[in-house]
Structures are given as C-alpha cells and as structure tokens.
Amino acid sequence: MTTLLRRRALRGRRGSLKEFPDMPLDILFEVFSHIEPMDLLNLARTSKPFGELLLHRSAASLWKQARQNVPGLPECPPFMSEPAFINLCFDSHCHKCLRPNIQPVMWAFRVRYCRHCKSGMIVMISQVRQILEAASPFRARYDVRELLISESEPWLRGRPLFKFHKADVETLVEAWKGSGAEVQEDIHSSQLALIKQMRDNADLCSKWQMDRKLSRSAEIDELKDARYSAIIAKLREFGWGEVIDDSPWSVWSRLRGVRGVRVPKQLTNRSWQAIETSVLQVMEALKSAKNAVGHITDLPSFPQPSNDMHTPGSVPTHIIRVLLPWNA
Ligand SMILES: [Zn+2]
C-alpha cells in the first residue's frame, strides 16, 4: 500500500484513484489507516480534489493516524497544522527554494533552509530591535528574546549570538505596528507562552530526529554485519575455514577493504558473483602468508583507523569476541 501510494506510482493510476475523494470519509479512513505520513502528504499534493479533502480540518484524524504509524514521532504542536508538521518532519526540501536533501531542520524556527537561503532568512538581535523600534516605540523593559523564539550559538569570548527567524519577526511586527503600551503588554504575555510551547516542541523533535538517525545507523550496521557473516559462511563452504579460524581479525581487516563487502544489503548469488574474485584473491594472499610462516603475521593485530571502526556495531560480533575473549 505504502509503495503504491507514492507520487510516482500515482501518476499512472490517477484513473483508478480519481473517485477516491468522493468516497465516504469512514471508508477513506479505513483505507488510509496504515498509511505513512509522507505518503499522505504526497497524496494531498497529487490533485486538487485530494488536496481539498486532505488539507481540510475535517481530515485531521487521518493525519493523526498516519503520525501514530511512526514510532516516537512527537505530537503535532498546537501552533502548526498537521500537514505543515509532517512536511517539516519528513519532506527534506528547502522551504524557500525547494532544493532537495536538506537534512538539518531548524526546529525552533519550524523550517529547513539550504545554506544559500538561510543567510537571507535569519536576522540578528540588533536588527530585530531596530525593526520593532521602527514599527512602534520599543520599550527597553521588553527583552527581544521574550517576544520571539531564538537560536543561539557561541560567539566572541563565549558570549552567545542570538539569531531569529525573519518570518517570525514580520508576524510580530504586524501586531506591534503602532500598538500602545497595553497591546504591547498583551503581545508580550502571549508570546512568552508561545515561545515556551515552541521551545518544548523543538526539544522533542530534535531528540526524535537524533534517535531516528541512530536507529537507522544501527540498522545499517546490522545489515553490513549480516552480509559479512554470509560471506564468511560462503568461504567456509568453499574450504577456507582454516584460514578464517587462524586469524579472523586479519580476514576481517582485509575483506572489509574489498569493494562490495561492507555494503548494507543482503548477499545474493548475483552480488556474491560480483565480489567473488576479489574476495578469493584476498583469501589466497592470506593463505600464502600463513603457509610461509605457519600462521598469518603480515597484518596488523589492531584495527587501523577508519570511519567504519568508529560506528558502534560496525565490527561483527564474532570479531568482537576474538578481540575481547573474556566476553565470549
Ligand atoms: Zn533554499
């Protein structure tokens, strides 16, 4: 279902899907109950009727259901619509120029910007003060950071540099323009509460994104380890068991450098055929070294620095056992 609903697939299927928006909502809810949020967003972008149906407030429970299909995804915050929140969490396009693959999310500002757009959309604290002053007399008792959510980064001598989102400043200026003391006080109070909600949401989303990244990285390591184990099993089948048992670490150290070995994909007959010659060349070299001196000595006993080595779980379990015999 998930794959079927992808935008590309939909292009060829509009004929069969065009009646969907006219179906009773309860049937649609049933049909979409297992859908993932990004599929729902793509569906909403597919055609005008889908957009009208799915981007209407009455479809909120559909979005909620889709959101709950993603483990650990925080609740949609009250200051965003469900589709906007899903767009922020899953659609990696720059919010201004639509450049693809923009991974860092500025959670506090609820946007993704590419490097090019970022510089024009972020303003410094002194600029914000000037803009507010120009809109209406800005009383010194208001801290700009209580009126607008900010992000900070260390600057000169450890002093933080506060940055603000231009769109937030523009929204505030609209309310601030020509306002008197009483209105400014109301704005101040409501902004304090809103900033707290935004800050809490940004913390939750940032943690969710980090956890997701780590679990993906663990998943990739597991796939790589499983492929390596399958290669070792294959080599044992072909009679290389003695060389492997003589120095599993040396075998690991050499084989992981062979193109196609440390790949996060299941080993198939076809992929084995693609790497077989290179793998067997390595095994032959190790066997020659072993025959020359009785055991394998031509390889380092300790891991060589490489990015692969710094990833938790990147060394297969049976190799870890060799390195840490007390844990076997
Ligand atoms: Zn951009």
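Is the crossing of helix 4 and helix 7 left-handed or right-handed? The crossing is left-handed, a term used where the near helix is turned anticlockwise from the far one by less than a right angle, right-handed being the clockwise case. The model is predicted, so that local features need pLDDT of at least 70 and side-chain atom pairs count only at pLDDT 80 or more, whereas totals for chains, interfaces and linings use all residues. Residues are numbered from 1 along each chain as its sequence is written.

**Overall make-up**
- The protein chain holds 16 helices and 3 strands, taken as DSSP runs numbered from the N terminus (helices are H or I with at least four residues, strands are E with at least two).
- Of the 328 residues in the protein chain, 22% are buried, a residue being buried if 20 or more other C-beta atoms lie within 10 Å of its own, exposed if 12 or fewer, and partly exposed in between, with C-beta atoms placed from the backbone.
- Among contacts in the protein chain between residues at least 6 apart in sequence, 60% join residues at least 24 apart, where a contact requires C-beta atoms, placed from the backbone, within 7 Å.

**Helix 4 and helix 7**
- The axes of helix 4 (residues 37-46) and helix 7 (residues 82-90) come within 10 Å and cross at roughly 115°; axes are lines fitted to C-alpha atoms, for helices over the stretch in contact, and angles run from 0 to 180 degrees between N-to-C directions.
- Helix 4 contributes Pro-37, Met-38, Leu-41 and Ala-44 to the contact, and helix 7 contributes Pro-83, Ile-86, Asn-87 and Phe-90.
- These contact residues comprise 7 nonpolar, 1 polar and no charged (Ala, Val, Leu, Ile, Met, Phe, Trp, Tyr, Cys and Pro count as nonpolar, Asp, Glu, Lys and Arg as charged, and the others, Gly among them, as polar).

**The sheet and its helices**
- An open sheet is formed by 3 strands in the order 1-3-2 with antiparallel pairing, two strands being paired if DSSP finds at least two bridges between them.
- Strand 1 (122-124) and strand 2 (150-154) are the edge strands, each pairing on one side only, and neighbouring strands are turned by 35° against each other on average, direction ignored.
- Strand 2 and strand 3 (residues 160-165) run antiparallel and are joined by 5 bridges, with Glu-151 standing opposite Lys-163 in strand 3.
- Helix 9 (residues 125-135) packs on the sheet, touching strand 1 and strand 3, and its direction makes about 85° with that of strand 1.
- Helix 11 (residues 166-176) lies across strand 1 and strand 3, running at about 65° to strand 3.

**Tyr-228**
- Tyr-228, found in helix 12 (residues 181-237), is buried, because 22 other C-beta atoms lie within 10 Å.

Technical notes. Two residues are in contact if their C-beta atoms, placed from the backbone, lie within 7 Å.
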